Amino acid sequence: MRVLNVDEPPLAPRPELTGRSDQPAHARIAHWLEDLVVSGELEPGDKLPPEVEIATSLGVSRMTLRQALGAVEAKGFIDRRRGRFGGSFIASPRFELDHASLPGFTEQMLRIDVEPGAEVLTATTRRPDTVIGKALGLRRSDLVHEIRRVRTANGEPIVLEEAYVPAAVFPGLLSENLHGSLYAVMRAHGSAPFTADERIEATQATVEQSEILGVAPASPLLLILRTSFSADGVAVEFSRDYLRSDRTAIRIKSRAEIVPPAGAPGFL
């Protein structure tokens, strides 16, 4: 970790704030810091000088500087931490997850040259509760395999997975290697996910989740609720994925629906 000095590169030379501009000072400061991050001059883990030092060096108030830092933080470029060992740190880039198709976590990480990992927390077979049973179309007497894992990217925990699959469709699943791609194991059983219904929500980390993911309690998480179906329409997976919002981003490719103009042939 580098502890940066306001009078030394890469923070020197400082941005020009005295000239006329259509942008307020806090916006120009924010753009200056963002450009340093994008260019690679500021690297993940770098610690910025204390706010009072930066503000004094730039000739602005601490309120103006905090506006700039808040804007940069909102874009994910810096991480501001409180406490004895706090400060403003250059954030690591988020891992981008593509939800335009249906790849598993392992496949997604390999696509972006990141080493995927999985630590199995629990793997049991039990009766489904009402929510799981409804999602998978099961009776109360049916069984599901419950698999809870923490998924890592280059050794860093970023996703807590809770997956439920019908035991009748995947007999003996828990005896398989669950430290890699669960979808690959399901594929070997002949019932891989083919389509899925997904919903994304915002939530907060519980105490247990915060300990597993290495974040503070009540930190914002992205929750993905997913029901996956095999090619023949059978529900084969219900899952809850809790993603660290500071380390992940979700990309979805959309396409506009073309609506024929009024008066066009066939338009009613």
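User: What makes residues 25–90 and 95–251 domains here?

Analyst: The assignment for the chain gives domain 1 (25–90) and domain 2 (95–251); such bounds come from an automatic or database domain assignment. The centres of domain 1 and domain 2, taken over C-alpha atoms, are 36 Å apart. This is a predicted model, in which local features need pLDDT of at least 70, side-chain atom pairs count only at pLDDT 80 or more, and totals for chains, interfaces and linings use all residues. Residues are numbered from 1 along each chain as its sequence is written, and side-chain values use heavy atoms, with hydrogens and water left out.

User: Why is a space called a pocket, and not a cavity?

Analyst: On a 1 Å grid over the protein atoms alone, a cavity is a set of points where a 1.4 Å probe fits but cannot get out, whereas a pocket is an open set with protein on both sides within 12 Å along at least five of seven lines. Lining residues have an atom within 4 Å of a point. D79, R94 and D246 are among those lining the largest pocket.

User: What is the volume of the largest pocket?

Analyst: The largest pocket has about 310 Å³, where volume is the space filled by probe spheres set on the points, joined across faces, edges and corners.

User: What makes residues of this lining charged?

Analyst: Asp, Glu, Lys and Arg count as charged; Ala, Val, Leu, Ile, Met, Phe, Trp, Tyr, Cys and Pro as nonpolar; the others, Gly among them, as polar. The lining of the largest pocket therefore divides into 6 charged, 3 nonpolar and 3 polar residues.
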